[in-house]
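The following exercises are to be worked with the sequence and the coordinates at hand. Each task is followed by a solution in steps.

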Amino acid sequence: MKLYPYLLVMALVTYLIRMLPLAFFRRKITNPFLLGVLHYMPYAVLGTMTVPAIFTSTGEPVSAVAGFLVALLLGLKRRSLIEVALAATAAAYVTSLVLPLL
Amino acid sequence: MEAYGYKEGLRDGLPIGLGYLSVSFGFAIWAVKQGIPGLTLILLSGSNLTSAGQVAGVTVMAAGGLLVELALTELIINLRYALMSVTLTQKLHPSFTLWQRMLAAFFVTDEIFAVSSTRKGLLTFPYMMGLGCLPWIGWTLGTALGAFAGALLPAALSAALGIAIYGMFMAILVPGALEDRGVLLAIFAAVALGLILRYVPVFSFLSEGFVIILSAVCGACVAALVRPVRAGEGEA
């Protein structure tokens, strides 16, 4: 299988999509609606990527819900990204170990 | 307005890198099963730094698909990056040169975008390089580990690691929603529409990439209609 042409095309297309707007879009946006869209966009992207995917992320719903709840709680306490990520992982891991014993 | 440097970037990139390490580990185990050699996968991850696009790409490769088909698939799945790049231009420090913009663009992923675009203040070139560093290493290293040593990690641990990246998303979403009703509305609207597009059978022809684009754009528009942002307030 000659895979290198595929590699080249994928890398090129993916890079150009990211690069062209970032390099050449130079206007300052002042329209309040557009500013709002750009301001809310990252949260909307993250929200739709997190729910429902988080609940299947460990391959098993109970440990995923445990991880979700821990992440929610620590998020409400405004803990750092790494703390929340590791605590959610630990909660899911411990739950998956304890669950078969119940 | 505060500006951030390389060190702050590295620190913010650490959880993304850890998340990527586990996600790309799983990606590589899957891709090897599709018949793609380990070295090709490492080159793929190192040059693309994207999850959904690489899964789709490996599928096309394994099926011996056309290069045009591959290019179109990547274009559609990764179209969201164009949107993110436009958003980031509004936050770049004036010291950014054209070459620096072109270099920083390589690191635009969902997670790096989320962290950098919700960071208070302007984005500097050193910050963006620091932010991209560990995620790139994590993504490429995880691919190598998964391709050549996938069987070594205990199954329960690698399964639990799957939630790491989403835990990190929660750490961005929850405080954002606490501070700003508009953000809360944007999240709920996007999630609600995303659920409809994913689970109502009529929409089953939509790929995951399109679901993300549609639900996020609509969610952000709803919030922007209800709570527009005047120049100077809000960080976007």
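**Exercise 1: The two domains of chain B**

In this predicted model, the C-alpha centres of domain 1 and domain 2 of chain B are 23 Å apart. Task: determine how many residues each domain of chain B gives to the contact between them, and which helices take part on the side of domain 1.

Solution. 
1. Begin with the bounds: the domain assignment places domain 1 of chain B at 6-165 and domain 2 at 180-236.
2. Count the residues in contact: domain 1 of chain B contributes eight residues and domain 2 of chain B contributes seven residues.
3. Locate the helices: on the side of domain 1 that touches domain 2, α4 (67-77) and α5 (79-89) of chain B each supply at least two residues. The largest share of that side, three residues, is from α5(B).
4. Classify the residues on the domain 1 side: four are nonpolar, two polar and two charged.

**Exercise 2: The largest nonpolar core**

Solution. 
1. The largest nonpolar core comprises 105 residues, and Y40(A), A44(A), A186(B) and I187(B) have the most contacts inside it.
2. Helix α10 (residues 164-179) of chain B gives the most to this core, namely 11 residues.
3. Take A44(A) as an example: beyond its neighbours within four places in sequence, A44(A) is in contact with A186(B), I187(B), A190(B), A216(B), G219(B) and A220(B).

**Exercise 3: The form of chain A**

Task: compare the radius of gyration of chain A with that of a compact globule of 102 residues.

Solution. 
1. Chain A has four helices and zero strands, in the order α-α-α-α along the sequence.
2. A compact globule of 102 residues would have a radius of gyration near 13 Å, whereas chain A has 20 Å.
3. The C-alpha trace of chain A spans about 55 × 50 × 20 Å along its principal axes.
4. Of the 102 residues of chain A, 47% count as buried.

Note on methods: Residues are numbered from 1 along each chain as its sequence is written. Chains are lettered from A and ligands numbered from 1 in the order in which they are written. This is a predicted model: local features need pLDDT of at least 70, side-chain atom pairs count only at pLDDT 80 or more; totals for chains, interfaces and linings use all residues. A nonpolar core is a set of buried Ala, Val, Leu, Ile, Met, Phe, Trp, Tyr and Cys residues joined through C-beta atoms within 7 Å. A residue is buried if 20 or more other C-beta atoms lie within 10 Å of its own, exposed if 12 or fewer, and partly exposed in between; C-beta atoms are placed from the backbone. Domain bounds come from an automatic or database domain assignment. Ala, Val, Leu, Ile, Met, Phe, Trp, Tyr, Cys and Pro count as nonpolar, Asp, Glu, Lys and Arg as charged, and the others, Gly among them, as polar. The radius of gyration is taken over C-alpha atoms; the globule rule is 2.2 Å times the number of residues to the power 0.38.
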